[in-house]
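Open the model in your viewer and keep the selection panel at hand. This tour goes from one selection to the next.

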Amino acid sequence: LRHLSARTPTLMVYGDRDPESQASLKYYREYATAAALPLEFFVIPGADHNFSSQNWSDCACRAAIDFLGAVHND
């Protein structure tokens, strides 16, 4: 968390079948709001913690590419 900055847009990707995802999403959303951090969240339906299927990995990669493309174009 110490490396997060209001100047650095950050994407956090979760699988909704990760048993820790709901608690993590809640914590980081609240943290980002309180600290005015530009965090974005992307949740992959059905995915586990490690995105262990090719489809989930592809979805995580596409989300990251889209995010980076949008940040680069700002």
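Select strand E1 (10–15) and strand E2 (39–44): both are among the elements that cover the buried residues of helix H1. The model you are viewing is predicted.

**The helix itself**

Now select H1, residues 21–35. The helix has 15 residues. From first C-alpha to last, H1 reaches 20 Å, close to the 21 Å expected at 1.5 Å a residue. Which residues of H1 are buried? Pick Ser21, Ser24, Leu25 and Ala32. Look down the axis of H1: these buried residues fall within an arc of 100°, so they line one face of the helix.

Turn to the face of H1 that points away from the buried side. Select Gln22, Ala23, Lys26, Thr33 and Ala34 there; these residues are exposed.

Step past the end of H1 to Ala36, which follows the helix. The phi of Ala36 is positive, near 55°.

**The salt bridge**

How many salt bridges does the structure hold? There is one. Show the side chains of Lys26 and Glu30, which meet in that bridge at 2.7 Å, N to O. Both residues belong to H1 and are four residues apart, about one helical turn. Colour by accessibility next. Lys26 counts as exposed at 52% relative accessibility, while Glu30 is partly exposed, with a relative accessible area of 46%.

**The tyrosines**

Select Tyr27, Tyr28 and Tyr31, a cluster linked by ring pairs. The aromatic pairs number two. Start with Tyr27 and Tyr28: the ring centres are 5.1 Å apart and the planes stand at 80°, so this pair is edge-to-face. Then take Tyr27 and Tyr31. Here the centres lie 6.1 Å apart and the planes are at 20°, so the pair is stacked. Tyr27 and Tyr31 are four residues apart in H1, again about one helical turn.

Tyr28 is partly exposed at 22%, and Tyr31 counts as partly exposed at 28%.

**Last stop**

Select Arg29 and Phe41. The charged end of Arg29 sits over the ring of Phe41, 5.2 Å from the ring centre.

Terms used: Residues are numbered from 1 along each chain as its sequence is written. This is a predicted model: local features need pLDDT of at least 70, side-chain atom pairs count only at pLDDT 80 or more; totals for chains, interfaces and linings use all residues. Side-chain values use heavy atoms; hydrogens and water are left out. Helices (H or I, at least four residues) and strands (E, at least two) are DSSP runs, numbered from the N terminus. The expected span of a helix is 1.5 Å times one less than its number of residues. Buried means under 20% relative accessible area, exposed over 50%, partly exposed in between (1.4 Å probe, protein chains only). The arc is that of the directions from the helix axis to the C-beta atoms. Contact means heavy atoms within 4.5 Å. A salt bridge is a side-chain nitrogen of Lys or Arg within 4 Å of a carboxyl oxygen of Asp or Glu. Rings of Phe, Tyr and Trp (its six-membered ring) pair if their centres lie within 6.5 Å; planes under 30 degrees apart count as stacked, over 60 as edge-to-face and the rest as tilted. A charge sits over a ring if NZ of Lys or CZ of Arg is within 6 Å of the ring centre and within 35 degrees of the ring normal.
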